[in-house]
Amino acid sequence: MQTKYMSLDEFTIQQLRMVPGGTGELSRLLRDIGLASKRINVEVNKAGLQDILGDMGVKNVQGEEVKKLDDFANNQLIYVLKNGMSCAGICSEEEENIQVFDDELSNKSKYVVLFDPLDGSSNIDTNISIGTIFSIFRRVTELGKPCTIEDFLQPGSRQIAAGYIVYGSSTMLVYATRLGVNGFTLDPPIGEYCLSHPNIQCPADGKIYSVNGGYYRQYDPSVQKYIDILQNKTKEDGGPLTQRFTGSMVADLHRTLIKGGIFMYPLTTDNPKGKLRLMYECNPFGYITEMAGGRAESGTGKILDIQPTSLHQRTPIFIGSKNMVEECMSYVESPV
Ligand code: AHG
Ligand code: MN
Ligand code: MN
Ligand code: MN
């Protein structure tokens, strides 16, 4: 059977043309991110055949070992966005400071991009799904001048678009704008992302919870109580539930978005401010999930309402199906 799948380019141009005052700059930016991700995908697929597994032998600003693929993905995204026409500057999980592109075209660009170039990189060496996460803000500083840190330190509710690529059993790019959330699967022979998951809605309830159970003793008693409740659900109250946690937020949240469920990375005694990064992980996924009808909370309020004070700040996160996150907050927001 011959099926016509719309390409990412065709879709974004058609969808964003409907927006009054649209200039096509966002479509170009999404195309650039798509292009960088295809290059990353080619490299990820060769992992094991070439000398791209393992560590660079340096630590990043997060205090983590940098993998060779973290570095490759970071460089590809910077290269493509710097040479494109739609991005004034970037900030990355792997970079200490923002990178201001500061040339004539870039300074005229409306957007800045923040990204986690490779998410779940501790999984690379064992061939488990990994991903790329991105977040796009409209600049608040004057166009025509170089962008500044102010353009980056905006609350997640002001994102214009956010998305991720999951390098899984197939490679998919999912992105959200206020017009909705759509998923595109990479068709390898033609090298195009094709619309395969239009108008993604996160189910209001789910059967899967996702948390690193190995840290149970490090969680606050209110979180432990909620996990106990999940583990003890009977058939009458929707149980038993399934537990899944890959160590790649992208893979866990892609599943949560499609099938429903809850993903949690609470405070631990080892990471008393949380582990996941607000700007590169929690904001983009908060936006995508909320645009799909789900919820994203920190335990003290909405993820998207946090006013960032630094580029690499961390936050606890409880995200996924609306009803499950609400139930979770009824325990977690009121400590036992
Ligand atoms: P990254 O590879 O970008 O540094 O992110 C890894 C993150 C996230 O993807 C995952 O959910 C979490 O770290 C897993 O952490 P633990 O191993 O502490 O559970
Ligand atoms: Mn990392
Ligand atoms: Mn990550
Ligand atoms: Mn990363």
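Biologist: Which residues surround ligand 1 in this one?
Modeller: In this predicted model, ligand 1 is surrounded by Glu64, Glu93, Asp116, Asp119, Gly120, Ser121, Ser122, Asn212, Gly247, Ser248, Met249 and Lys275.

Biologist: And how does that shell divide into nonpolar, polar and charged?
Modeller: The shell around ligand 1 has one nonpolar residue, six polar ones and five charged ones.

Biologist: Where does ligand 1 lie relative to the domains?
Modeller: Ligand 1 lies between domain 1 (8-197) and domain 2 (208-331), because both of them give residues to the shell around it.

Biologist: What separates the domain centres, and how many residues are in contact?
Modeller: The centres of domain 1 and domain 2, taken over C-alpha atoms, are 23 Å apart, and 35 residues of domain 1 are in contact with 26 residues of domain 2.

Biologist: Which strands supply the domain 1 side?
Modeller: Strands E5 (111-119), E6 (130-138), E7 (159-167), E8 (171-177) and E9 (180-187) each supply at least two residues of the side that touches domain 2, and by class that side of domain 1 has 18 nonpolar, 13 polar and four charged residues.

Biologist: Switching to helices, how do H2 and H3 pack?
Modeller: Helix H2 (residues 25-46) and helix H3 (residues 68-83) pack at an angle of about 155 degrees, with 9 Å between their axes, and they are therefore roughly antiparallel to each other, while their crossing is right-handed.

Biologist: Which residues make that contact?
Modeller: H2 contributes Asp32, Leu35, Ala36, Arg39, Ile40, Glu43 and Val44, and H3 contributes Leu69, Phe72, Ala73, Gln76, Leu77, Val80 and Leu81; by class, the contact of H2 with H3 has 10 nonpolar, one polar and three charged residues.

Conventions:
Residues numbered from 1 in each chain as written. Chains lettered and ligands numbered in written order. Predicted model: local features only at pLDDT ≥ 70, side-chain atom pairs only at ≥ 80, totals over all residues. Axes fitted to C-alpha atoms, helices over the stretch in contact; angles between N-to-C directions. Helix = DSSP H or I, 4+ residues; strand = E, 2+ residues; numbered from the N terminus. Parallel < 35°, antiparallel > 145°, perpendicular 65-115°, else oblique. Left-handed = near helix turned anticlockwise from the far one by under 90°. Contact = placed C-beta atoms within 7 Å. Nonpolar A, V, L, I, M, F, W, Y, C, P; charged D, E, K, R; others polar. Near = placed C-beta within 6 Å. Domains from an automatic or database assignment.
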